[in-house]
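Subject: Structure handover

Hello,

Here is the structure we spoke about. Please open it first; my notes follow below.

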Amino acid sequence: MEWVLLGLIVGAVALGTPVLALIAFLRSGETRQSIDALQGQIRDLRAELVRRGPAPAVEAQADVSPASSQGDAPAVIEPAAAPISPPPPPSPTWQPAPPLLEPATAPLPPLLAPAAAAPAAPRAPTPSLEQWLGARAFVWVGGIVLALAAIFLVRYSIDQGYLSPTVRVIMAALFGAGLIVGGDRMRGRDDRVAQALTAAGAAALYGALFSAVALYGLIPRFMGGVLALALTAGCIALSLRHGIFVAVLAFVGGFVSPLVIGGETPNILALFGYLFATAAGTLAVIRHRGWWVLGWGVLAGTSLWSLFWMVLRVLDGVRYGADGQLWVGLFLVGVAALFVWATWRRVREQGQPANHVVLQVWAATLITGGLLVGIVIGDPMHVAGWLCLGLYGAGIYALARYVPRFQYLAALPPLLSLAALAAWWFVRVFPPGAEMIDAFGPTLLIMGGGFAIAAYALLWNAARPGFWAGVAVGATLLHFLLGWYTLRGTLPGMPWSLISLGLALPFLAAADRLQRWRGTMPGATEALGVMAAGVTFFVAAAIPLELRREWITVAYAFELTAIAWIGWKLDILSLRWLCWPLLGTVMTRFVLNPYLLDYPLGGIPFLNWILWAYGLTILAFWLGGRFLSAVRQDPLSEMVKASTVLLGFVLLTLEVRSVFQPAGLSAPGTTFYERATLVLAWGGFALVALYVAGNSGSKVALMTWRIVGLLSAFLAVVVQTIAMNPIAEGVRVGTTPIFNGLLLGYLLPAMLAALALRMARQAGESRAVVVAALTAMILAFAWVTLEVRHVFDPSFAGDPLGAEGVELYSYSAAWLVFGLGLLAIGMWRHVPALRHAGMIMVLLVVAKVFLIDMSGLQGLLRVLSFLGLGAALVGLGYAYRRFVFAADERPELAPPPPPPSPPPSPTTP
């Protein structure tokens, strides 16, 4: 029976400590109430003084009668009268007694002066290093040293064998109790010393309890758990009297106790019940004293214990997972509720509460919700986890409904439900069996439908009915789409389109009811718009669910148009937020989706799914952009316009691809004619965008011109001319001179670049002018050169560097004619850039003639080469002097002589 006596002694200490602390706290509470009452009276008096305001200053003179001087009546103060003529002098036989009060020469101060602004409290001087060490640090170091002294004393007694384990534990417990009593006695003299002694005593009691249970086995573990709970409660009560450091020690000791005194197979209900009680006590102290920083420690402790149990369940599901899911789930729901309860008064205050308090509520709800999803995923076939998640969602809905600053938390429960359901289906090793399918479908229906119905019920007279309507629509739609995506393969006969139309009916009824409440309930119009958008969601989804995959994206595009129309018709700006996810979905599926290239094209070129799918989507975006722009010009309307243009560019590119790759869009490589067609298509697209930008001033059109035009130039010059030209690839372009594939690949793009040069100059695009000019010159030069090569080698199979004779001379002649043509056009149109390009070509011919033709040509060809070049240079010099520098070389004419002066008139005699 030794452990019984020891348990009674330790229990008396553990239970007596909180009793003493509670009595002291109640006594101090009476004093605190008196102080609060006095402070309230002072605030009321100050408010009364401010309300009355200053009294008017009275300028008066004291007129004291003889009776007032006797004390019969108070002196009467009358306002000073206007100066009058002095009365006749009194009789000299009698003089009145002088007045007791002198006449007032200054206005009397008002009886109630206005409350002056309270002077700013002087800032406490920063303690010096000596003060910090002597008054603070030494005290706490002393407390730690006392706790260590107890540990060393016990250790010494163990080493020497003086004391038995029972005596050691009793002495440690008595030592801790003595420190706590001493700390309570010192509280009236020095608070810091009292805190240090109390904290050291609490640490000694925890050490005694842990040693008695875990080290020596003197107390059964169940009794140790009860004593640990009592000791934690006592320390929490002591913290109300001795400060935050004792509270920190209390919740740390409380959360660590199960690790020390717990058994190998703990009772899950007892363990998490103990942790919940510890968290509740700590949060009660936090709520009472405002020690909000301790809340993060409580949240960390509860989360770590939940994660620890989840890990143990994965390692040994038989021992730790039988009934733990329910109790741990309820524990997490309770922890979230405790944080809401602890901060309830602060978050409902008028104005803006402390940010860290609001952040603590957000963190607690998010973390506990995420842990609940983890618990559900661990055993999704068990109904307990889903019940806890539903209970958690109900609590979050209540908080979001009745505390407007937390209304956006209402979107969390449906999202957590979706995350748990998606993880249940996709995080699995084996294919889904019949039992899983039978459980998955009803669970999805209950969770999605329950959250949607609850959100609809809470929207009436809410602060933001439109948001709650959005939660209802989103919960229904997302759960429905998840069900379709996961079960369409396992349930092939399910009429998904009819289900989608059926889901539209309740939202249609809700929209009809909201229509009748538009004039009486604030925010009903916004909720009506969201419900109408929900109807269009399900109606638009019903059609493509029975068709191929690409038509689902088209339905999303028309849903964006419908939402934009509803927002424009009802003047609801908040509906624009629904357009962003739809826009992102459509653009991801039609622009960034690599599987799109695997879709079958069909037998008719151009008239395939690409034309209809992209064309209808472009039409939908164009209409939606007009509705959005009619309400407001914002980033959303500009993004819809840009997406419309991007889809047009993709449509054009894919149609060209489908013409040259009828077997499929994913065929590897490109052909010469495909690239040439793409250059023309992209260049034309860029010119149309430049024309639209010039007429409408659209920034989207201007950026389209710049980006697509640059892409077209890059494809034509870098890819088609330098890297993959017909000579390098040996492409067959036909046998007819001039009218062959080179015309499509180089001459037409050069002419398109020349047109772009002209339009860019008119639009003031100086950088584009340079790019277009260089592109036109390079493509024209490439066409001339390749045409010469084509005449002598139509298949481009030979070595171009082995040219000789007539072919070598033909290059010089063709380049010379090309350069002279550029010079002629430049002189005629007064374009210096063309003249400079022509001059470069002529210089190139000169270099070729002297460096290559002089040794490569023989006989008459050499003569003709030099003769033609010389004649061209002479003629070119004459043309420059005649048409370009004529004004500079014209001699200056002498100024005409002055007119002769008239003859002098004859003089008269």
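What share of the contacts in the protein with a separation of 6 or more comes from residues 24 or more positions apart? The share is 71%, where a contact means heavy atoms within 4.5 Å.

Some ground rules. This is a predicted model, in which local features need pLDDT of at least 70 and side-chain atom pairs count only at pLDDT 80 or more, while totals for chains, interfaces and linings use all residues. Residues are numbered from 1 along each chain as its sequence is written, and side-chain values use heavy atoms, with hydrogens and water left out.

Overall make-up

The protein has 32 helices and 2 strands; these are DSSP runs numbered from the N terminus, with helices being H or I of at least four residues and strands E of at least two. Of its 909 residues, 42% are buried. Buried means under 20% relative accessible area, exposed over 50%, and partly exposed in between, with a 1.4 Å probe and protein chains only. The accessible surface is about 49,400 Å², and carbon and sulfur atoms hold 69% of that. Areas come from the Shrake-Rupley method with a 1.4 Å probe, and for residues only the protein chains shown count as cover.

Cores

A nonpolar core is a set of buried Ala, Val, Leu, Ile, Met, Phe, Trp, Tyr and Cys residues joined through side-chain atoms within 4.5 Å. The largest one has 159 residues, and F272, Y392, W468, M531, W609, Y614 and F621 have the most contacts inside it. Helix α17 (residues 465-487) gives the most to this core, 12 residues. A second, separate core has 47 residues, including L687, W705, A760 and A772.

Pockets

On a 1 Å grid over the protein atoms alone, a pocket is an open set of points where a 1.4 Å probe fits, with protein on both sides within 12 Å along at least five of seven lines; lining residues have an atom within 4 Å of a point. Points are joined across faces, edges and corners, and a volume is the space filled by probe spheres set on them.

The largest pocket holds about 1,000 Å³ of space. Its lining has 30 residues, and A754, L757, M777, L822 and L834 are the closest to its centre. Helices α27 (741-763), α28 (766-792), α29 (806-829) and α30 (832-856) give two or more residues each to this lining, and α28 gives the most, with 10. By class, the lining has 26 nonpolar, 1 polar and 3 charged residues. Here Ala, Val, Leu, Ile, Met, Phe, Trp, Tyr, Cys and Pro count as nonpolar, Asp, Glu, Lys and Arg as charged, and the others, Gly among them, as polar.

The second largest pocket holds about 820 Å³. It is lined by 33 residues, with G470, G474, W577, L578 and P581 nearest its centre. Helix α17 supplies the largest share of that lining, 10 residues. The classes there are 24 nonpolar, 6 polar and 3 charged.

Single residues

L238 lies in helix α6 (residues 221-242) and counts as buried because its relative accessibility is 4%. L238 and Q195 are 43 residues apart in sequence, yet their C-alpha atoms are 9.6 Å apart in space.

N461 sits in the loop between α16 (434-458) and α17. N461 is not a glycine, but its phi is positive, near 60°. With a relative accessible area of 58%, N461 is exposed.

Regards
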